[in-house]
Amino acid sequence: MHIHILGICGTFMGGAATLATKLGHKVTGSDANVYPPMSTMLESQGIEIIQGYDPEQLKPAPDLVVIGNAMSRGNPCVEYVLNNNLRYTSGPQWLQDYLLHDRWVMAVAGTHGKTTTASMLAWILDDCGYQPGFLVGGVLGNFGVSARLGESMFFVVEADEYDSAFFDKRSKFVHYHPRTLIMNNLEFDHADIFDDLKAIQRQFHHLVRTVPGNGRILAPHGVKNIDETLAMGCWSELEYIGDDGHWRADKKLADGSVFDVYLDDQLVGTVDWALVGDHNVNNALMAIAAARHVGVTANLACDALAKFINTKRRLEYKGEVNGITVYDDFAHHPTAIELTLGGLRAKLPQSRILAVLEPRSNTMKLGVHKHDLAPALAAANEVFLFQPDNIPWSVQEIADQCPQPAFCSDNIDTLVANIVESAQVGDTILVMSNGGFSGIHDKLLAALTAK
C-alpha cells in the first residue's frame with residue numbers, strides 16, 4: 001500500500017518508515033524540519049520527503065496516513081485527513097498492526113537507558129545467530145542503523161512512555177504487547193504530558209497488563225516506584241536484577257569495565273568491554289537476562305557484550321586536542337546526568353572534569369528538575385551552563401547552587417571561550433544535551449586547536 005507519514009524525520013517515525021519499505025510498501029512523508037542525517041538516510045531508502053505540511057501532498061489520497069505524535073490539531077495535513085475521512089493511525093499502532101503481531105516482542109522500557117539496553121539486547125541476539133529485527137531510538141553502533149526488519153521471529157523495540165498521537169494519549173509502549181519486558185527504572189519525566197509520577201506509573205502498569213502469563217518481566221530489585229507499579233497487579237514471570245535479586249554483578253574494576261555475572265549466586269559469565277559506569281553494568285544485566293528468556297546462555301551473552309559498540313551520543317568520544325578530551329552524552333535528566341558523570345569519574349579518577357550542560361528537554365523547560373541539577377553535577381570539577389532562549393527561568397539559579405565553580409551564558413561562542421580558557425592539559429570536557437547544542441562539540445575542538 002501507499003503509506004504517507006506526517007512527522008517522518010523523528011527517530012521513531014524514520015525507523016518505522018524504513019521498516020515499512022522493507023515490508024514492500026511505498027512510503028512517502030513530510031516534516032517541518034527536513035535535514036541530514038535522517039533526511040539522507042530516508043532518501044537512500046527511496047522514500048520521498050516533502051518539506052512542510054501543504055495538504056496537496058495528500059492528493060491523490062494515500063492508502064494510510066501515519067500521524068506522528070508531534071502533530072496536533074490545526075496542522076493543515078491533520079485537518080485535511082480528518083475533513084476528508086482518510087484512513088489514519090499512530091506510529092506505534094501501525095507497528096503493532098503490521099509488524100509486531102506475529103513476532104516475539106522484546107520491549108525495553110524505563111526512564112533511562114532504553115536505547116543503550118535495547119542496543120545491547122539486539123546485538124547479543126544477533127551475535128548469537130538469532131538475526132533479530134529492531135527499532136531503537138538511536139543509531140546502533142554494531143549495525144549502523146536504527147531499525148531492521150530481521151530474519152527471525154524476535155523483535156527488539158525501545159518502549160517509550162511518551163504518548164502515541166494527538167488522538168491517542170496512551171504511551172507508545174502500550175501498543176507493543178511484549179513477551180519479554182525490561183523495566184529498567186521509573187522516575188518522573190515528561191512533565192509536558194504527565195501531571196505526576198502516579199500518572200507515569202499508571203501507563204507502566206498498562207504495559208504490564210499486556211504481558212502474557214507465560215511472558216517474563218525483568219525489573220530492578222528494591223526500586224520503590226517499580227515495586228508500587230507491579231503491586232497494582234502482575235500476571236507474568238518476574239526476575240529481579242541487582243543485589244538480592246536473581247541477577248547481580250560483581251565489579252572487578254571500579255569503573256565497571258570488567259564484571260562477573262551471577263544468576264542465583266552462581267557465576268555464569270564475565271563481561272570485559274569498552275563501556276563504563278554502574279548504569280551500564282545494570283543495563284548489561286537486563287540485556288543478558290532478557291536474552292536468556294529466548295534461549296541465549298549467559299556466558300554467550302557476556303562474550304557478545306565484549307564486542308558491543310555503544311549507540312552514538314552515549315559517552316561518545318568526540319576528539320582530543322592538546323591533551324584535552326571531549327565527550328558527548330545524551331544525558332538530560334538529573335539521574336542520567338549523575339550516572340554519566342559518575343561513570344566518567346570512575347573511568348578517569350585523576351582527571352579534572354568540565355561538565356557542559358544544555359537544559360533543553362520539555363521537562364526542563366517547565367523547571368521541574370532545576371533544583372536537582374546542581375547535586376547531579378557534583379562529580380564535575382567545573383560546570384558550564386547554557387541558557388536556551390526557550391526556557392523561562394534562569395540557569396544562573398543552578399550555578400548559584402553549585403559548590404564548584406559554575407559559569408553560565410546565553411551565547412554559545414562566549415560559553416565555548418570560557419570553557420577553552422579554563423581547560424588544562426589532562427582535562428576531560430563532557431557535553432550533555434538531548435539536542436544538537438548548536439554544534440558546540442566541533443566549536444570546542446576547533447577553539448582548543450587554536451588555543
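User: Quick one to start, what is the relative accessible area of Lys-307?

Analyst: Lys-307 has a relative accessible area of 45% and is partly exposed, a class that lies between buried (under 20%) and exposed (over 50%), with a 1.4 Å probe and protein chains only. The model is a predicted one, in which local features need pLDDT of at least 70 and side-chain atom pairs count only at pLDDT 80 or more, while totals for chains, interfaces and linings use all residues. Residues are numbered from 1 along each chain as its sequence is written, and side-chain values use heavy atoms, with hydrogens and water left out.

User: And which side chain does Lys-307 meet in a salt bridge?

Analyst: That of Asp-127, with 3.0 Å from N to O, where a salt bridge means a side-chain nitrogen of Lys or Arg within 4 Å of a carboxyl oxygen of Asp or Glu. Helices (H or I, at least four residues) and strands (E, at least two) are DSSP runs, numbered from the N terminus. Asp-127 is itself partly exposed, at 29% relative accessibility.

User: How many salt bridges does the rule give?

Analyst: The count comes to 20. Among them, Asp-163 and Lys-169 pair at 3.0 Å, N to O, with Asp-163 buried at 7% and Lys-169 exposed at 54%. Another is formed by Asp-168 and Arg-170, with 3.0 Å from N to O; there Asp-168 is buried at 9%, whereas Arg-170 is partly exposed at 38%.

User: Which residues are linked in a network?

Analyst: Salt bridges link Arg-216, Glu-237, Glu-239 and Arg-292 in a network.

User: Changing topic, what domains does the assignment give?

Analyst: The protein chain is assigned domain 1 (2-91), domain 2 (100-306) and domain 3 (316-450), and such bounds come from an automatic or database domain assignment. Taken over C-alpha atoms, the centres of domain 1 and domain 2 are separated by 29 Å.

User: What area do domain 1 and domain 2 bury between them?

Analyst: About 1300 Å², with 75% of it on carbon and sulfur atoms; buried area here is the accessible area (1.4 Å probe) that two parts lose on being put together, summed over both. In domain 1, the residues that lose the most area to domain 2 are Phe-12, Leu-19 and Asn-69, which together account for 42% of what that side buries. In terms of contact, 17 residues of domain 1 meet 20 residues of domain 2, with contact taken as heavy atoms within 4.5 Å.

User: How many salt bridges and polar contacts are there between domain 1 and domain 2?

Analyst: There are zero salt bridges between domain 1 and domain 2, and the rule finds one residue pair in polar contact across that interface, both residues being at pLDDT 80 or more. A polar contact is a pair of N or O atoms within 3.5 Å; within protein, one must be able to donate a hydrogen and the other to accept it, and residues adjacent in sequence count only if both atoms are side-chain atoms.

User: Which elements supply the side of domain 1 that touches domain 2?

Analyst: At least two residues each come from α1 (11-22), α3 (76-83) and β5 (88-90), and α1 gives the most, with six residues. The residues of that side divide into nine nonpolar, six polar and two charged, where Ala, Val, Leu, Ile, Met, Phe, Trp, Tyr, Cys and Pro count as nonpolar, Asp, Glu, Lys and Arg as charged, and the others, Gly among them, as polar.

User: Now Leu-218, where is it found?

Analyst: Leu-218 is in strand β13 (residues 216-220) and counts as buried, at 0% relative accessibility. Leaving out residues up to four places away in sequence, Leu-218 touches several residues, including Glu-239, Ile-241, Met-286 and Ala-289. The C-alpha atoms of Leu-218 and Ala-289 are 7.3 Å apart, although 71 residues separate them along the chain.

User: And what does Gly-141 touch?

Analyst: Not counting residues up to four places away in sequence, Gly-141 touches Ile-309, Asn-310 and Thr-311. Gly-141 sits in the loop between β7 (133-135) and β8 (147-148) and is partly exposed at 32%.

User: Last one, is Thr-325 buried or exposed?

Analyst: Thr-325 counts as buried, at 13% relative accessibility, and its place is in strand β19 (residues 324-329). Its contacts beyond four places in sequence are Tyr-317, Gly-319, Glu-320, Asp-427, Thr-428 and Ile-429.
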